[in-house]
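Here is a friendly briefing to read alongside the coordinates. It goes from the overall picture to a few local features.

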Number of protein chains: 2
Amino acid sequence: MQEEATMAAYGTSSPTSDDVPTDETSRLIASNKVEGTSVYNLQGEHLGEVYNFMVDKYSGKVAYAVMSFGGFLGIGESYHPLPWEALNYDSSMGGFVVDVDRSDLEGAPRYGRDEDPWASDRDYGRTVHSYYDYPYE
Amino acid sequence: MQEEATMAAYGTSSPTSDDVPTDETSRLIASNKVEGTSVYNLQGEHLGEVYNFMVDKYSGKVAYAVMSFGGFLGIGESYHPLPWEALNYDSSMGGFVVDVDRSDLEGAPRYGRDEDPWASDRDYGRTVHSYYDYPYE
């Protein structure tokens, strides 16, 4: 994908860094290209793909990326939300890199295909942020 | 959709308004639910659907919604980007409402299935904002 060559700092918390391109050509990515992008850990192991992501309707900000793991860990297809801040795009990998081990994922918040904790649990976002040690705003 | 009942103020520029729910249950929407949502004008005419949307990789903010019009206006399938600020969610309509007439769309920035002006034109976002009279940041 054209975008991938210029996404090295994707997801970092320093949007004003000198490394960040200022033109939209390299700043923007289409929603349907984020979906399906591979996710790796720091060791380069393929963990899964981005299934979808959650957008705050009022601020217009992306809050969570939801990864899908098909059968991985022996738990069947499941969805693991991660705080958006936890994802960094690595153009050399062609995907997102997260500082999360497989063992971390085993105890992480997750849900099945027919579950929607975003609708049923008011504190779900807080739970996700807390699990990955990111501040909840 | 569960979300729709609580999305009355979607897209407004006053995220701290009293009308805005503070719990994530009603603030968050999944990316794949935005895609495919109907778009209407102020007269309630169905203009098209949200095809996808463009996310700023560094700020994590949604910048543009891209509407698709299949054959409408006699121009075949085409994609019309709109500044995200132009969209308001109307729960009674079950879709987004934009203050855009069909005649406005005829001269609006648009592209075909095989075109990618986001990659080829550095000023494309500025062009879109300018056409719809929204300030470009």
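**Overview of the model**

Chain A exposes about 6,300 Å², and carbon and sulfur atoms supply 43% of that area (areas come from the Shrake-Rupley method with a 1.4 Å probe; for residues, only the protein chains shown count as cover). This is a predicted model, in which local features need pLDDT of at least 70 and side-chain atom pairs count only at pLDDT 80 or more, while totals for chains, interfaces and linings use all residues. Residues are numbered from 1 along each chain as its sequence is written, chains are lettered from A and ligands numbered from 1 in the order in which they are written, and side-chain values use heavy atoms, leaving out hydrogens and water.

**Fold of chain A**

- Chain A has 5 helices and 7 strands (DSSP runs numbered from the N terminus: helices are H or I with at least four residues, strands E with at least two).
- Along the sequence, the pattern reads α-β-α-β-β-β-β-β-β-α-α-α.
- Of the 137 residues in chain A, 51% are buried (buried is under 20% relative accessible area, exposed over 50%, partly exposed in between, with a 1.4 Å probe and protein chains only).
- Taking contacts between residues at least 6 apart in sequence, 48% join residues at least 24 apart (a contact means heavy atoms within 4.5 Å).

**Aromatic pairs**

- There are 19 aromatic pairs over all chains (rings of Phe, Tyr and Trp, the last by its six-membered ring, pair if their centres lie within 6.5 Å; planes under 30 degrees apart are stacked, over 60 edge-to-face, the rest tilted).
- Tyr64(A) and Trp118(A) form a tilted pair, 4.8 Å centre to centre with 40° between the planes.
- Tyr64(A) lies in strand 4 (residues 62-69) of chain A and Trp118(A) in helix 4 (residues 117-120), so this pair ties together parts 54 residues apart in sequence; both residues are buried.
- Tyr111(A) and Tyr124(A) have ring centres 6.0 Å apart and planes at 70°, so they are edge-to-face.
- Tyr111(A) is buried at 9% relative accessibility, and Tyr124(A) is buried at 8%.
- One aromatic cluster includes Phe53(A), Trp84(A), Phe53(B) and Trp84(B).

**Helix 5 and what follows**

- In helix 5 of chain B, Tyr124(B), Gly125(B), Val128(B) and His129(B) are buried.
- Seen down the helix axis, these buried residues fall within an arc of 135°, so they line one face of the helix (the arc is that of the directions from the helix axis to the C-beta atoms).
- Just after that helix, Asp133(B) takes a positive phi of about 60°, and Asp133(B) is exposed at 70% relative accessible area.
- In chain A, Asp133(A) has a positive phi near 60° and is exposed at 69%.
- Most residues other than glycine have a negative phi.
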